[in-house]
Amino acid sequence: AEVMQIVAVTDPLQVGFSRQAMIGIRASGDLIAVGDALTAMPEVDYVVTTAGSFDILAEVVCEDDASLIEFLNTHIRVLDGVASTETFVYLELKKQKYDWGTR
C-alpha cells in the first residue's frame with residue numbers, strides 16, 4: 001500500500017559529500033515539469049512544490065562547493081521554466097529524524 005519505506009540513511013559527510021544545500025526555485029510555466037526534471041537528478045534528494053516566496057524547494061548533496069556551483073550552473077539554472085534560484089548552504093546539520101508519524 002506504499003504506507004512505509006524501509007531505507008538506510010547515510011551521513012553524507014562520512015561518504016565524501018561535504019556540501020548540502022536547500023535551493024529555493026522561482027519558476028514560470030509548468031511547475032510539474034520543473035519538479036520532474038529535478039527529481040530525476042541524482043544530486044537532488046528532496047523536492048517539494050511550495051506556496052510562498054519559492055515555487056519549488058530542492059535539497060542537494062554535492063562533494064564540495066565547486067561541485068555545487070557547477071551543478072547549479074549546468075543543471076538547475078538552465079532548466080526551462082527556472083526564473084531564479086536562491087541557495088541556502090548548510091553550515092551544520094542539527095537534526096535529521098525519520099521517526100515522525102510514530103505514536
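View 1. V48 has L57 as its bridge partner in β3. The model is predicted: local features need pLDDT of at least 70, side-chain atom pairs count only at pLDDT 80 or more, and totals for chains, interfaces and linings use all residues. Residues are numbered from 1 along each chain as its sequence is written, and side-chain values use heavy atoms, with hydrogens and water left out. β2 and β3 run antiparallel and are joined by five bridges. Two strands count as paired if DSSP finds at least two bridges between them. Strands here are DSSP runs (E, at least two residues), as are helices (H or I, at least four), and both are numbered from the N terminus. β2 and β3 form a hairpin, with six residues between the strands. In the turn, G52 has a positive phi of about 130°.

**View 2. β3 pairs with β1.** β3 covers residues 56–62 and pairs with β1 in the antiparallel sense over seven bridges. G24 has L57 as its bridge partner in β3. Buried means under 20% relative accessible area, exposed means over 50%, and partly exposed lies in between (1.4 Å probe, protein chains only). In β1, eight of the nine residues are buried, so β1 too is largely enclosed by the rest of the structure.

**View 3. β1 also pairs with β4.** Strand β4 (residues 82–89) runs antiparallel to β1, and seven bridges join the two. M22 stands opposite F88 in β4. A27 has V82 as its bridge partner in β4.

**View 4. Four strands make an open sheet.** The strand order is β2-β3-β1-β4, and the pairing is antiparallel. β2 (44–49) and β4 stand at the edges with a single partner strand each, so one side of each has no neighbour in the sheet. Neighbouring strands of this sheet are turned by 20° against each other on average, direction ignored. Helix α2 (residues 65–76) packs on the sheet and touches β1, β2, β3 and β4. Contact means heavy atoms within 4.5 Å. The direction of α2 makes about 25° with that of β1. Axes are lines fitted to C-alpha atoms, for helices over the stretch in contact, and angles run from 0 to 180 degrees between N-to-C directions. Strands of a sheet pair through backbone hydrogen bonds, either parallel or antiparallel.

View 5. The side chains of D65 and R19 meet in a salt bridge, at 2.5 Å from N to O. D65 lies in helix α2 and R19 in strand β1, so the pair ties together parts that are 46 residues apart in sequence. A salt bridge here is a side-chain nitrogen of Lys or Arg within 4 Å of a carboxyl oxygen of Asp or Glu. R19 counts as buried, at 15% relative accessibility. D65 is partly exposed, with a relative accessible area of 46%. The structure holds three salt bridges.

**View 6. R26 and E86 connect β1 and β4.** R26 forms a salt bridge with E86, and their closest N and O atoms are 4.0 Å apart. R26 lies in strand β1 and E86 in strand β4, so the pair ties together parts that are 60 residues apart in sequence. R26 is partly exposed at 31% relative accessibility. E86 is partly exposed at 34%.

**View 7. K94 and E92 meet at exposed positions.** Their side chains form a salt bridge, at 3.9 Å from N to O. K94 counts as exposed, at 69% relative accessibility. E92 is exposed as well, with a relative accessible area of 58%.

**View 8. V3, M4 and I6 form a nonpolar surface patch.** Together these residues have about 430 Å² of accessible area. Areas come from the Shrake-Rupley method with a 1.4 Å probe; for residues, only the protein chains shown count as cover. Patch residues have over 30% relative accessible area and no salt bridge; like charges are joined within 9 Å, and nonpolar side chains (Val, Leu, Ile, Met, Phe, Trp, Tyr) within 5 Å. I6 lies in the segment before β1 (19–27). I6 is exposed, at 77% relative accessible area.
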